[in-house]
Structure formats: C-alpha cells, structure tokens
Amino acid sequence: MSLKPQDHPSLASLFGPSSREDWLAQVTKTLKGGDFQRRLVSRIDDGLTLEPIYGRRADAVTISGRTAGRPWGITARVDHPSAAEAASLAVADLEGGADGLALAFHGSAAARGFGLTANTVDAIDACLSEVHLDLIGLRIEPSSNGVTEASLIAGLIEKRRHDPEKVRIDFGLDPLRLIDGPPDASWSKSGRVLFETISHLKAKGFQGPFVTCDLRPFSEAGASPAQELSLALASGIAFARALEANGMPISDAYAALSWTVAIDADQFLGLAKLRALRRLWARIQEASGLAASPITIHAETAWRMMTRRDPQVNMLRATLATFTAATGGADSITVLPHTLALGLPDQLSRRIARNTQLILQEETSLWRVADPAAGSGAIESITDQLCETAWGLFQQIEREGGLIAGLAANHIQSRIETVRRVHLNDIATRRSSITGTSEFPSLSDVKGGILDIALSQRAATTTQHAANLTSTRLAEPFEALRDAADAATLELGARPRVFLANLGSLAEFGGRAGWITNLLAAGGIDVVSNDGFTASGPAAAAFAASGAGIACLCSDDATYELLAEATAMALKSAGAQSVLLAGKPSVAAAGIDQFLFGGQDVIAALQRLHKALGIAAV
C-alpha cells in the first residue's frame, strides 16, 4: 500500500513553534557570556543600529510613492558639448529603452565638467533635433543660469507647438544656485526671482515640478543619510516659504517641489532613506494643514561611490543602487555610466547604464509591487530610526534660523564635514573597503569607455557646488596614490617594487603575503615574491638579486620570533634602504623601519612608503 501525498507530514509540522525568547536563549548559549549588543548588533551611519534578526512588522503601513503598477522613468543624461553628438547619443538612449532625458547644462554640477553649451532655443533644438519632447520625460540639470535655461526649454516647447500642459518637464530650478552673494543677504531677491519664474511658466500652462530640493551636493560633501533627510526637509521648507512670502499659496508652493536623491550601494540605508523622505514630508504637509500627498523623487546613482580604478566594479555598485531606488519607490532613475569618473562616457558605457535599469525593470518586474519593504522588520526599523534622527536634525536647523541661515553661518557645512572625516577615516583604515581600489586592486588597470574629447574644461577631481560644498569621491585618496605610482612608472620605465621576504612555509607566510600584496597594489606598488626562506642568508641574497630597494618580512608571529630580527639585519646589510614587516609593532622591532597591519591608516602608511621609494606626490 502506497502513501498518498496528504499522508506525508509537512516539513513545517515537524518543528514546534519558537519565539524570539527561544532564539535569544540559544544565542546566549552560543555566545558563552559574550555581549549580545557588542557582538551581534551592528552600528551604522547616524548611530543607527541593525540587529541580527527581526520579526515581521504586522502593523506596517505601505508608504505611498510611485503609482502602484507603474514603472519608474528611465532617464539618460544629455551632457555632450557638441550639439550633433548630444543629439546622436540622446536618440540612441531613447531608441534603446530610456523614456526620459536629463539635460546637464555646462556649468551644472551634474555635468561633471562637460555639459550642453547651448544658450539659445535654436541651439537646444539642435541638441534634441530627433527627440519628440511630448513623448518623453525631461529634466533640467541647471547651471547658475537656471532661470534662463528654464525659459529656453519653455521657448523650445512653444517653437515645436507642444501643449505645455501635456509635456512632462521637471525644470530643476535650484534656489541655492540662484543666490548671488552671501546667502543670508541675497535670499529674498532669489526668492522673488524664483516666484516670478514659476509664475511665468505656470501662466504658459506648464505643470512642473519647477523647483528641485537637490540632496546630491550634501551627499557628495559627505553628509550622512539622516543629515541628507534633514536637509531635504529644510530645503523644501525654505523654498516653499520663499514662494509663499511672494504671494504663492503654500499648497501650490509644495506642489512646485521635487526631490533629487543620491543612492549608493548600501541597500538597507538607501531603501530606508527613500521611504523616510516620503514619510517625513507627509508629516510636514500635515503640520501645514494639508492632506499628505505623494512627492516626486528622482534618484541618481551616487557620484561619491564611483571610482576611476577598475571602473567595471561601478557597474555592480550601480546595479545595487538602482535596485534600491526602484524598490524604494523612486519616480525616475538616472544611472551614472560606469566610466564617468574617467571622462565623458562613450555609447557602450551609456548603453550599460541604460540596460542596468531595463533588466531590473523588464526581467525582474521590480515596479509591480508598491513599497515591497513594507512590513520588513529590518527596513521598518531603519526607517523609523532615520525618521527620528532626521527630524531632530531638522529641528536643530530650524532653531538656527533655517537652511539659508545655517549655510550662511557654516553650521550645516561644519556638521557635514565632521561626518565626512569619519567616512574618510573608515576608508583610510579600510574599515570600509572599496573593491578594486582599496581592496583587490589590479595593477594592470585597463581604462576605456570614454569619448575622445578634451578634458581641459573639466576639474581634475572635485566640483564646487553652491553653498560652499565640495564634491568628493571616496576613492580619491587611493587614486592619488595610484596616479603618483603610475607617473613614477612612466618616468623610470618600471613599476616601483617591494621584495617580499617570505619566512617559513607557505602555511606560515601565505596569509600575510597575500594581504601585503593587496595592500601595496592599492598604492600602485608591485611585489617580488618567492616560495619562502628558512634562514636569513638566502633571503638577503634573493633580495640583492631582485633589484628592489625595499623589503617586507611576511610570516606568522611565531616565525617572526625566530627569524625576523636576523633577517631584517641581513637585508639591511644586503642594501635594503628600508625594511617593512607585515604585522603589528608588538611582534618585533629591531631593524624594522615600518609596520603594516590591519586597522592602521593605510593611506598614510602608503604615503610614507612612496616617500621611501622616491615616488613624488601628484
């Protein structure tokens, strides 16, 4: 007699119910007296905590964002200075699947030193010669002449006889870039200009949004997620107040706003940041006596996470950021091409950026579920914590007089700088790693994926935003080391090298030899390796034959106790200008000039090593 399927017990029925208390009891037993908070609870940005396990939040409410069942807009950049090239690239993006364009004008921070140079309606018409503006979404990335650029776009719509009420345009006016002079002294004038510009556009029939609360400058200056959110609220309030002061009803002022948010590869924080922004602004609306309504959010993959070294890794970062923005409910997304930090991306790089979104949209259907993170214990917890922290920071900005006063007094920049230093210290100590740059770098780095266009107009590494905020990428300190080492390689005809004095067996030296090879490569330095030595004499002889000027001892602590001191002295006798040791100073000291170990400031250590190798800083 055979058993029927219903006669078999289900797998779940073989296990009894368990509670969080049951789980904690097992964890306590496993930790054997270890501190749960210190061992298993992670501390992330803004002092937020992330626990190892969460239950489902049954009381969670879906946060209204992009219309359920509607795909997000795929927005491609138009940033080539040549009208003909800009037109060709724009058409290729639209034919390849994009449904929106972001016009990055020359002088805008988003143009990264390139950008449209069109300053007439006819010139912009040439840049968009084959584009049907009534069928796509359009964003303006304005320069300091944003009012003029908005008027030019309005003129183009009129020239082509499109109905202004039916075109989808985010005019992207950035009030902070309209300020001419000290923020506190000229803000009232800027508010008047903003009001008049919006009133003029609305009179023509444009629906907006007209003003962007751009969080990218704060992100690129080093702000934490909670700081970004507090500034999102402060910006929206400041801009709306300026419009209201000139006669616009507060409901119309709020409707004129949109938000532009940078999303990096931190999936949990990025997802929670978008959800928190919608929740926080809904609270602002309610406090203003208005019904909460969804806001327009454009997401862009973060510039500060981009690298010039091993740029292919940027594809992975962008994929995760795009996933985050899509599931977080962004209305539209721009993926920065993976070679943008190197120069103006070519058509293939742009295609990869575009296809990143297409695959996530068409093959994974991320757009089909509204707020898919709703009810997730982890995401709900981070969202709650972000809201609470950001609201407190927003209240602090308001107590100081608001966004404009805070920027004028440098309060906001100072707080961002404090966080930026923490981030840079984490990068320098490799507590936060940058794959392909600070970890697992390739000395045979292959560059490509950019157009052949003069870079003379482009700033080397930084962009200066409005309000005295400097844009930086986190990889820049390591990239400077690589650039210096590459320059020395070209000058000398050979890459700077360090001889690895591997001591003992592979099992003894292998771990640290691999670690130090990786570390030195992050500074653009190659190694001369070997199968290991069991005595100081052969190690010194191999060093002398290698042609290197610096040696590094590699082994475990026990072998160091036996061989490190004698080998260091032998290496010095063989002509070593400097002897390094992969390990902490507690291991051995005699004859060692520099110790390299995990947790130290490796950028400073590599700078010292560069100096010893005669590599000039660039």
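The conversation below moves from the whole chain to single residues.

Tutor: This is a predicted model, in which local features need pLDDT of at least 70 and side-chain atom pairs count only at pLDDT 80 or more, while totals for chains, interfaces and linings use all residues. Residues are numbered from 1 along each chain as its sequence is written, and side-chain values use heavy atoms, with hydrogens and water left out.

Student: How many helices and strands are there in the protein?
Tutor: Helices (H or I, at least four residues) and strands (E, at least two) are DSSP runs, numbered from the N terminus. On that basis the protein has 21 helices and 17 strands.

Student: Why is the protein described as being as compact as a globular protein of that length?
Tutor: The globule rule is 2.2 Å times the number of residues to the power 0.38, and the radius of gyration is taken over C-alpha atoms. For 618 residues the rule gives 25 Å, and the protein is as compact as a globular protein of that length because its radius of gyration is close to that value, at 28 Å.

Student: Is Ser 471 buried or exposed?
Tutor: Ser 471 belongs to strand S12, which covers residues 469–471. Buried means under 20% relative accessible area, exposed over 50%, and partly exposed in between (1.4 Å probe, protein chains only). Ser 471 has 0% relative accessibility, so Ser 471 counts as buried.

Student: Which side chain is joined to that of Ser 471 by a polar contact of 2.7 Å?
Tutor: A polar contact is a pair of N or O atoms within 3.5 Å; within protein, one must be able to donate a hydrogen and the other to accept it, and residues adjacent in sequence count only if both atoms are side-chain atoms. The contact of 2.7 Å is with the side chain of Glu 220.

Student: Which residues does Gly 270 touch, not counting residues up to four places away in sequence?
Tutor: Gly 270 lies in helix H11 (residues 267–287), and its relative accessible area of 4% means that it is buried. With contact meaning heavy atoms within 4.5 Å, and leaving out residues up to four places away in sequence, Gly 270 touches Ile 263 and Thr 324.

Student: Is Arg 161 buried or exposed?
Tutor: Arg 161 sits in the loop between helix H5 (146–159) and strand S6 (168–170), and has a positive phi of about 60 degrees although it is not a glycine. With a relative accessible area of 78%, Arg 161 is exposed.
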